[in-house]
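Hi,

Here is the model I said I'd pass on. Have a look at it first, and my notes follow below.

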Amino acid sequence: MDWQFILSVSLTTAFGPQAVVFSLAAIGLNVHFGYTGLVNFGQVGFLAVGAYTVAMGVDTFGLSFWLCVFLTFLTASVLALVLGVPTLRLRADYLAIVTIASGEIIRLVLRAARFRATTGGAAGIQNFAGDFFDLNPFTGGRKALNFPGTDIGVTYSANQLWVLFVGWSIVALACLFVYLLVRSPWGRVLKAIREDEDAVRSLGKNVYVYKLQSLAIGGVIGGIGGIVFAVSRQSVVPDSLGTALTFFAYVALVLGGAARVFGPVLGSIVFFFLSAFVDVALREAIDADVINFLVGSEVGVVRNILVGGGLMTLMVFRPQGIIGDKSEVAVSVRR
Amino acid sequence: MSGADPSVVSIAQAAFVGVAPEPGVAKLDAILVVDEVRRRFGGLTAVDVEHVEVQRGAITALIGPNGAGKTTFFNLLTGFDRADSGRWQFEGRELVGVPAHRVARHGMVRTFQLTKSLARLTVLDNLKLGATDQRGEGFFASLVRPLWHAQEADIEARAEDLLGQFNLGHMRDEYAGSLSGGQRKLLEMARALMVQPTMVMLDEPMAGVNPALTQSLLGHVKQLREDGMTVMFVEHDMDVVHDISDWVIVMSEGRVIAEGTPEQISSNDDVIDAYLGAHHDAPLTAAEEQAQLAEIHAAIEQAVGEADG
């Protein structure tokens with residue numbers, strides 16, 4: 001078995017475009033769930049809005065790519081208002097119900113044959129990010145960046161490098177943004193709402209407005225994740241925006257540590273590293289005849305079982321996530 | 001904690017001299033005036049208050065048996081529930097239909113029967129949250145620290161001051177969730193004071209507090225009056241009511257059935273009936289009981305006779 005190869009593939013995945021997308025999705029969820037206590041089960045809807053604002057804006061309506069990126073702030077906020085205005089006055093479960101449905105509604109509307117001229121239907125829209133890749137300063141073929149003196153490292157194409165450079169910069173900015181927000185009195189109100197919104201109301205804060213703001217901010221961050229998702233593939237297809245994406249983002253968030261600024265980013269990186277590591281290691285082991293009771297087509301399922309079991313073990317022994325605060329969890333359990 | 005200032009006590013009690021001990025009586029200087037407030041839950045009328053006034057600067061106790069509608073009444077007044085009908089004025093301002101957070105900003109701040117400490121915030125942050133008009137609570141301003149940094153320091157100083165008064169100074173950096181039940185009551189009261197209210201509504205401030213802390217809490221409630229605030233509180237324990245309240249309002253089955261000073265209330269037959277569940281026609285002597293029984297027997301025999309015939 002080629003451990004250098006296994007590690008390299010795992011690292012390449014861990015820092016790849018997927019990890020950027022899930023980091024942003026999970027940072028948004030962290031604002032919703034980690035800091036405000038809003039249970040949003042439809043984060044994928046915000047990603048879809050981001051992805052399609054750019055794809056449809058450029059391809060269908062002929063707008064400039066950069067204008068569409070800017071428009072995403074607007075469209076994601078509008079979705080937050082549509083979801084939040086009727087539900088945020090009600091108990092927390094209503095938002096969960098509405099968001100899980102809205103994610104699916106958005107996907108089904110986008111893939112409807114009736115709107116094919118606008119949305120591309122089930123086939124989606126391709127090749128809309130030319131403006132972005134025109135600015136790519138990286139040239140040439142695939143580049144390997146190895147740890148000094150080893151063959152272990154990451155390998156990306158020039159276009160991927162450009163996506164990653166911009167993508168991780170956005171992740172860093174999003175983290176800084178969240179950090180600035182949550183250390184402020186505004187963030188204190190959010191955390192207080194998470195604990196008990198009636199108490200916050202009794203102290204003269206308009207809880208409803210704060211919850212709407214939180215939903216919009218987390219949604220916009222998710223929407224930007226959707227843009228990265230679409231641009232990194234130069235393609236957007238409705239069925240790649242299924243409900244599972246939301247829950248993988250939750251996995252990343254809880255794995256890293258909710259209500260921690262870097263929790264969602266770390267969670268995404270670790271999650272993709274582990275998934276890839278188990279996957280490639282199993283395939284290598286099968287090729288090398290170390291494992292002879294599996295065939296290649298079964299690896300995906302077994303990988304999910306192993307990673308899922310690992311995550312459950314982690315939750316049992318470290319419920320606060322990798323960088324969560326243990327005393328915080330202890331307090332909330334005792335409540 | 002210093003004892004109650006006798007001059008403040010006598011002023012607060014002087015306001016009730018000559019006020020008739022009857023439901024709905026007018027007060028010398030009412031901060032809160034309630035008229036015909038009703039709240040029904042299905043077929044149950046939880047609150048049905050004709051008229052009640054609360055004296056400014058005094059401690060008013062709201063007592064009554066379980067299910068009398070005290071907490072519902074509190075919820076209505078503070079905007080946590082909507083009345084089916086009625087109106088009320090706080091400092092001359094109509095508060096009907098005003099949402100809870102606006103009620104608090106007008107100066108009427110409440111606490112809760114089941115303490116709502118914000119468990120995963122520190123004790124200090126719990127208090128700082130209570131301060132009103134914080135510039136850093138605006139979304140855009142929150143991103144720019146210099147805009148709110150100075151105000152935050154002032155708020156922190158005020159919070160530390162209150163923590164000291166409430167003997168919570170040593171817990172400032174602990175999570176509120178790690179406090180004991182009594183400390184949470186203290187925390188909640190201190191947090192309410194951060195809003196700088198004119199009227200404090202305490203929903204069972206002594207519930208679940210160990211007796212050692214009760215005295216300290218009572219001292220704090222008296223202190224609110226001395227600091228010029230109006231206090232209204234829900235309580236079950238008559239000893240507590242006797243000790244600190246200047247005026248008592250008694251509710252039963254949603255209605256205000258009696259008002260008066262603690263002394264007047266403790267000798268009020270309606271109140272005793274409400275608490276003990278007695279009926280006005282209940283026999284008072286053995287002879288009366290015999291007479292009533294005889295009457296009932298006669299009535300039954302007559303009814304049976306009619307049915308047979």
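Let's start with a pair of strands in chain A: E2 (residues 143-146) and E3 (residues 153-156) run antiparallel and are joined by four bridges. (Strands are DSSP runs of E, at least two residues, helices are runs of H or I, at least four, and both are numbered from the N terminus; two strands pair if DSSP finds at least two bridges between them.) Ala144(A) has Thr155(A) in E3(A) as its bridge partner. Six residues sit between E2(A) and E3(A) in this hairpin, and Gly149(A) in the turn has a positive phi of about 80 degrees.

Before going on, some housekeeping. This is a predicted model, where local features need pLDDT of at least 70 and side-chain atom pairs count only at pLDDT 80 or more, while totals for chains, interfaces and linings use all residues. Residues are numbered from 1 along each chain as its sequence is written, with chains lettered from A and ligands numbered from 1 in the order in which they are written.

Now the interface: 28 residues of chain A are in contact with 31 residues of chain B (contact means C-beta atoms, placed from the backbone, within 7 Å). On the chain A side, H9(A) gives the largest share, eight residues.

Chain B itself splits into domain 1 (1-117 + 195-278), domain 2 (120-178) and domain 3 (283-309), with bounds from an automatic or database domain assignment. The C-alpha centres of domains 1 and 2 of chain B are 29 Å apart; their contact takes four residues from domain 1 and six from domain 2.

Cheers

Terms used. Contact = placed C-beta atoms within 7 Å.
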